[in-house]
Amino acid sequence: MAKGYLLLLLSILCEVFSTQMMKLSAGFAKPLPTILFAAGMAACFYVFSKTLTMLPLGVAYAIWAGLGTALTAILAVFLWKEAMSLQMILGIVLIIFGTALLNLKG
């Protein structure tokens with residue numbers, strides 16, 4: 001099970017990297033970030049497919065989508081100087097809380 005979560009983390013990191021490359025690609029007008037985006041997404045989905053052999057789909061997808069969204073939003077503030085609002089902070093906190101709830105055994 002621990003290996004599944006490590007693969008999930010790797011998949012999330014590949015997805016977050018790819019999202020940053022998509023921003024850098026300027027609408028896929030710049031070749032290198034576009035290629036890195038495509039390679040990162042391919043790696044992301046390949047690793048995620050391996051994750052699903054070890055973790056339940058509902059839990060894995062919720063963590064992947066939630067943490068990927070939260071990390072991307074946080075990076076947008078630091079890398080792209082996007083504004084951080086109270087609404088954004090609350091959304092990230094709720095994503096983390098929801099992800100934790102999904103992982104509780106009960």
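Student: In this predicted model, is Trp-64 buried or exposed?

Tutor: The model is a predicted one, and the relative accessible area computed for Trp-64 is 11%. Since burial means a value under 20%, Trp-64 is buried.

Student: How many aromatic pairs are there, and how is the pair of Phe-28 and Phe-37 classed?

Tutor: The count comes to five aromatic pairs. Among them is the pair of Phe-28 and Phe-37, whose ring centres lie 5.3 Å apart with the planes at 45°. Planes under 30 degrees apart would count as stacked and those over 60 as edge-to-face, so at 45° the pair of Phe-28 and Phe-37 is tilted.

Student: Which helices does the pair of Phe-45 and Trp-64 tie together?

Tutor: The rings of Phe-45 and Trp-64 have their centres 6.0 Å apart and their planes at 45°, so this pair is tilted. Phe-45, with a relative accessible area of 45%, is partly exposed. Because Phe-45 lies in residues 31–51 and Trp-64 in residues 57–79, the pair ties together parts 19 residues apart in sequence, namely helix H2 and helix H3.

Student: Which residues form one aromatic cluster with Phe-45?

Tutor: Trp-64, the ring partner of Phe-45, belongs to this cluster. Together with Phe-45, the cluster is formed by Phe-48, Tyr-61 and Trp-64.

Notes
Residues numbered from 1 in each chain as written. Predicted model: local features only at pLDDT ≥ 70, side-chain atom pairs only at ≥ 80, totals over all residues. Heavy atoms only, no water. Phe/Tyr/Trp six-rings, centres within 6.5 Å; stacked < 30°, edge-to-face > 60°. Helix = DSSP H or I, 4+ residues; strand = E, 2+ residues; numbered from the N terminus. Buried < 20%, exposed > 50% of the residue type's maximum accessible area, 1.4 Å probe, protein only.
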